[in-house]
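Let's take a walk through this protein together, one piece at a time.

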Amino acid sequence: MPLKVVTYNVNGIKARLPRVLEYLAEAQPDIVCLQELKASDETFPIAEIEAAGYGATWHGQKSWNGVAVLARGIQPAERQRGLSGEPEDEHSRYLECAITDPGGDELIVASLYLPNGNPRPGPKFDYKLRWIERLAARARALLAEEVPAVLAGDYNVIANDDDSYSTRAMAEDALMQPESRAGYRSLLAQGWTDALRTRYPGGGVWTFWDYQAGAWQRDAGFRIDHLLLSPMAADRLVDAGVDKAYRGREKASDHAPTWVALR
């Protein structure tokens with residue numbers, strides 16, 4: 001059976017816990033990268049996650065950040081939390097784990113949550129661009145290890161025009177600025193594969209629908225949740241997609257689970 005690796009911005013783990021547990025039970029993904037936990041380390045619902053059959057490693061933060069990696073029946077082994085290059089940065093936006101299956105095969109998985117960058121211009125946008133540069137440095141180091149790796153998360157980047165329902169609506173947003181896109185494309189230039197773009201080269205596939213102005217009902221979405229695969233992981237790519245139906249459920253996150261299937 002293929003290995004299903006998911007990225008899922010839950011927009012508050014406490015508020016969305018019923019939906020998360022529902023997803024784990026119904027979809028039975030093998031690995032899940034969560035973002036925007038909005039919970040401290042102490043309040044992460046580890047008992048409920050373990051009762052659902054998943055091991056977990058997490059880096060919480062009470063405000064709007066926080067990332068976690070879940071693995072079905074296996075405990076993820078933390079490799080790195082946070083990115084080097086800016087010691088004063090205390091945001092919990094990057095968590096890298098190694099997951100070894102019963103057969104001894106290892107997969108490196110990172111859950112990441114890029115800064116939004118709005119309003120721009122200003123310090124928040126500058127921080128976003130610096131963060132992407134730091135991610136690029138870590139991505140190069142992972143490629144040098146020559147291991148199968150997945151960089152999974154909410155990148156807060158609309159990489160192409162056809163990744164948004166409306167380029168006009170987002171023209172001034174930090175998610176669609178040339179600098180943001182250039183940072184994302186620099187990762188692809190290193191040799192990382194955008195799994196969902198590979199599966200849907202024509203675009204038009206969304207992973208996020210804002211709560212405002214009936215965006216879900218109008219299908220006014222964006223693609224900002226990405227799974228980038230190292231060459232050794234890309235060689236194992238079977239499929240990729242979005243479990244869109246979960247966005248439409250009651251009290252759901254504004255993001256839908258986005259996934260890849262690997263041999």
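**Rings, a sheet and a helix**

Start with Trp216, which is partly exposed, with a relative accessible area of 24%. Keep in mind that you're looking at a predicted model. Trp216 has a partner: with Trp209 it makes an edge-to-face aromatic pair, 5.0 Å centre to centre and with 85° between the planes. Trp209 itself counts as buried, because its relative accessibility is 0% and the cut-off for buried is under 20%.

Now find the open sheet. Its six strands run in the order β3-β4-β2-β1-β14-β13, and the pairing is mixed. At the edges sit β3 (54-59) and β13 (237-242), each pairing on one side only. From one strand to the next, the twist averages 15°. Zoom in on β3 and β4 (residues 67-72): they pair in the antiparallel sense over six bridges, and there His59 stands opposite Val67 in β4.

Next, look for helix α1 (residues 13-27), which lies across β1, β2, β3 and β4 and runs at about 165° to β1.

Back to the rings, where the count comes to seven aromatic pairs. One of them joins Tyr23 and Tyr246 edge-to-face, at 4.8 Å centre to centre and 90° between the planes. Tyr23 belongs to helix α1 and Tyr246 to the loop between β13 and β14, so this pair ties together parts that are 223 residues apart in sequence. Tyr23 is buried at 1% relative accessibility, and Tyr246 is buried at 12%. Together with Tyr8, these two form one aromatic cluster.

Finally, check out some charges over rings. Arg199 has its charged end over the ring of Tyr200, 4.7 Å from its centre, while Arg120 lies over the face of Phe125, at 5.7 Å from the ring centre.

Key: Residues numbered from 1 in each chain as written. Predicted model: local features only at pLDDT ≥ 70, side-chain atom pairs only at ≥ 80, totals over all residues. Heavy atoms only, no water. Pairing = 2+ DSSP bridges. Helix = DSSP H or I, 4+ residues; strand = E, 2+ residues; numbered from the N terminus. Axes fitted to C-alpha atoms, helices over the stretch in contact; angles between N-to-C directions. Contact = heavy atoms within 4.5 Å. Phe/Tyr/Trp six-rings, centres within 6.5 Å; stacked < 30°, edge-to-face > 60°. Buried < 20%, exposed > 50% of the residue type's maximum accessible area, 1.4 Å probe, protein only. Lys NZ or Arg CZ within 6 Å of the ring centre and 35° of its normal.
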